Amino acid sequence: MSGTSIALSIFLMYWFLVSILDRRGILEKYNISTFGPLPILMIRTTKGLKLLDILARPKRYWRIFANIGILMMFAGMAAMFLVIVISDLALYTSFLNDSVPEPGKYNSPRNIFLIPGVNEFIPFTWGVIALIVTLVVHEFSHAILCRVENIRVKSMGILFALVPIGGFAEPDDEQLFGKKEEVKNELPLTATIEEIEAWEEREREEKKLKEIQKGEAASPAREETGNKPEVTATRTQRARILAAGVMANFCVAFIALLLFFGPVLGAIAPLSDAMIVGINESSPAQTAGLQEDMVITQVDDTNITTGMDFLSYLETVEPGDTLRIHASKDDAVSVYELKVPSSSEECLNGVPVGGIVEGSPAEEAGIETGMTMIRIDDTQMRSIASFVDFMEGTEPNQTIEVELLPSTNYTGDLTENGTAVFNVHLAPHPTGGDIGFLGVSYGGEGVLECPALGMSIWMPQAKFYLEALKQIPSLLSEPVGWIILFGLPIYGFAGEGFRGFSGTIAQFYHPVGWAEPLGVGIFWIANSLLWIGWLNFYVGLFNCLPAVPLDGGHVFRDYTYSLMYKFTKNESVSERLSNSITASFSMLILLSFLFMIFGPFVGQLI
């Protein structure tokens, strides 16, 4: 039985149980109700309402906080709407150019929802932690601002569907949005005499009741009771209440990401850049007990911090030597004794040419992919370490002699020894350094094959990756920085996505400094902060969209009304215009999302 089938079965059982409890009135007994057609539970509580009044006491500061939130909401509104327009235009242009992207995980409907376990980019554990924090912060801020503006909060709670998927603060809707107009029921033209008489009787009773209420409202007795008239929020108060949730999300995102990119990343350092990714059967590596996914940290008395350190050390090894290899897996370091075979030259017999840079000195000289460099000038190329060390000592415009073993399909001239020799005039390095540039890439995807030891070593550039993460805050002065930050968990730096320090990637790092006593706990802190920051940022931006029922939609409608009223001076006309404009934007945004989701599927059909 597949995982999808199991999940669907559990959800159907949950739906069935909720339906039974709802019909029997058990949910209502505990102040729980269902929300929408799906079995989403609204679990309410009145506990904590007194705490809201205490937290709302510095009203002046909360209003300043919310006023800033209104400005942030409009900035986010413009940014998100611009992103949607650009995305739609890009997809529309791809239709015109017959270059519609294929459907994939980036436009999958399941990834539109920020629900852990549904969205494939969000890890379940960290996603649940971040989602709970996001929802509590958002809804609690709404509730506090309600009390600041003297709007009653009836209850607070969470939305639950197997896992928490939302939160809510339940203000008095009539106080927040105003009383809804009563819809007067009219009699149909085909009504019978009995129905007309019954309707007239109800009308008389309602009229008497209104007169009694009117008299009570005017009597001194009512004034003595001290009953306060019903409060209705002004548009400014309502905007503050709605913007508070977005502002709180942005503040939490700022604090979480500030801690993540600051002291937390500063307390994480590369452990080593040499991971074992392949072990051959009956090889010396397997005999020694080495396994895949182990990270080599030390060989004999030499610390290994990069793959090049490991390769350089192997060049000093003689056939028949015994190596004491320190390797880490699951945060535990063990020592393995590996005996080097009597014939170990096949492990260190040159540097394979994995690719040639277009227009480089290597291409002009005639060096081809598939060859193996065995000598440059008088230096033997025993491994990649030999090649890197040699090239770091060269200069631009220097001429070197490169000897290579030819590839299978090579048709050029060969020496008596069956090798190809080229004189290459080095170019300046593209990075602007003072070293020469040959223009060859070595190995395959950073993996070194070592047949004599029976293992493959991967060099993932852990130090470079960590430094790239630390540089993100310095890029936020430009749009590209925000794009990297916004898409970090989804796209990463090269389409791989960065989900935090977990799984394989955590093997390459260890805590240092103040975090050293925490051990793996620093990775829990880092992952929690990353996802709390990212999810709060994303949810805050999404709620800025000018579409009802999002917070931004309500604020957009209120401010549109104010603008319309300045021109029309008519409340009824302004109300209709603002509602029509907001509804148009809501429909446009909905259709845009549908176009981005289903557009690639349509493109493949046509």
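Tutor: Start with the aromatic rings. This is a predicted model, and it holds 19 aromatic pairs.

Student: What makes Phe-501 and Tyr-509 an aromatic pair?

Tutor: The distance of their ring centres. Two rings pair if the centres lie within 6.5 Å. For Phe-501 and Tyr-509 the value is 5.4 Å, so they pair under the 6.5 Å limit.

Student: Why is the pair of Phe-501 and Tyr-509 called edge-to-face?

Tutor: Look at the planes. Over 60 degrees counts as edge-to-face. Here the angle is 85°, so the label follows from that cut-off.

Student: How do you know whether Phe-501 is buried or exposed?

Tutor: Buried means under 20% relative accessible area. Phe-501 has 3% relative accessibility, so it counts as buried. Tyr-509 also has a relative accessible area of 3%, so it is buried. Across the protein, buried residues make up 40% of the 606 residues.

Student: Which aromatic residues form one cluster?

Tutor: Phe-250, Trp-482, Phe-486, Trp-531, Trp-534, Phe-537 and Tyr-538.

Student: Which residues touch the most other members of the largest nonpolar core?

Tutor: Phe-260, Ile-268, Leu-469, Phe-498, Phe-501, Tyr-509 and Leu-535, out of 38 residues in that core. Helices H5, H9, H14, H15 and H16 each supply at least two residues. H16 gives the most, with ten residues.

Student: What does Phe-498 touch?

Tutor: Leaving out residues up to four places away in sequence, Phe-498 touches Phe-260, Tyr-465, Leu-469, Leu-488, Pro-489, Gly-492, Ile-505 and Leu-530. A second, separate core has 25 residues, among them Leu-311, Val-351, Val-402 and Val-440.

Student: Where does UniProt list a "transmembrane region"?

Tutor: The unreviewed entry lists several spans, including residues 64–92 and 581–602.

Student: How much of residues 64–92 is helix, and how much is strand?

Tutor: Residues 64–92 are 100% helix and 0% strand, with end C-alpha atoms 42 Å apart. Residues 581–602 are 100% helix and 0% strand too, with their end C-alpha atoms 29 Å apart.

Student: How many helices and strands does the protein have?

Tutor: It has 18 helices and 21 strands.

Notes: Residues numbered from 1 in each chain as written. Predicted model: local features only at pLDDT ≥ 70, side-chain atom pairs only at ≥ 80, totals over all residues. Heavy atoms only, no water. Core = buried A, V, L, I, M, F, W, Y, C linked by side-chain atoms within 4.5 Å. Buried < 20%, exposed > 50% of the residue type's maximum accessible area, 1.4 Å probe, protein only. Helix = DSSP H or I, 4+ residues; strand = E, 2+ residues; numbered from the N terminus. Contact = heavy atoms within 4.5 Å. UniProt positions renumbered as here; feature names shortened; annotations may be inferred. Phe/Tyr/Trp six-rings, centres within 6.5 Å; stacked < 30°, edge-to-face > 60°.
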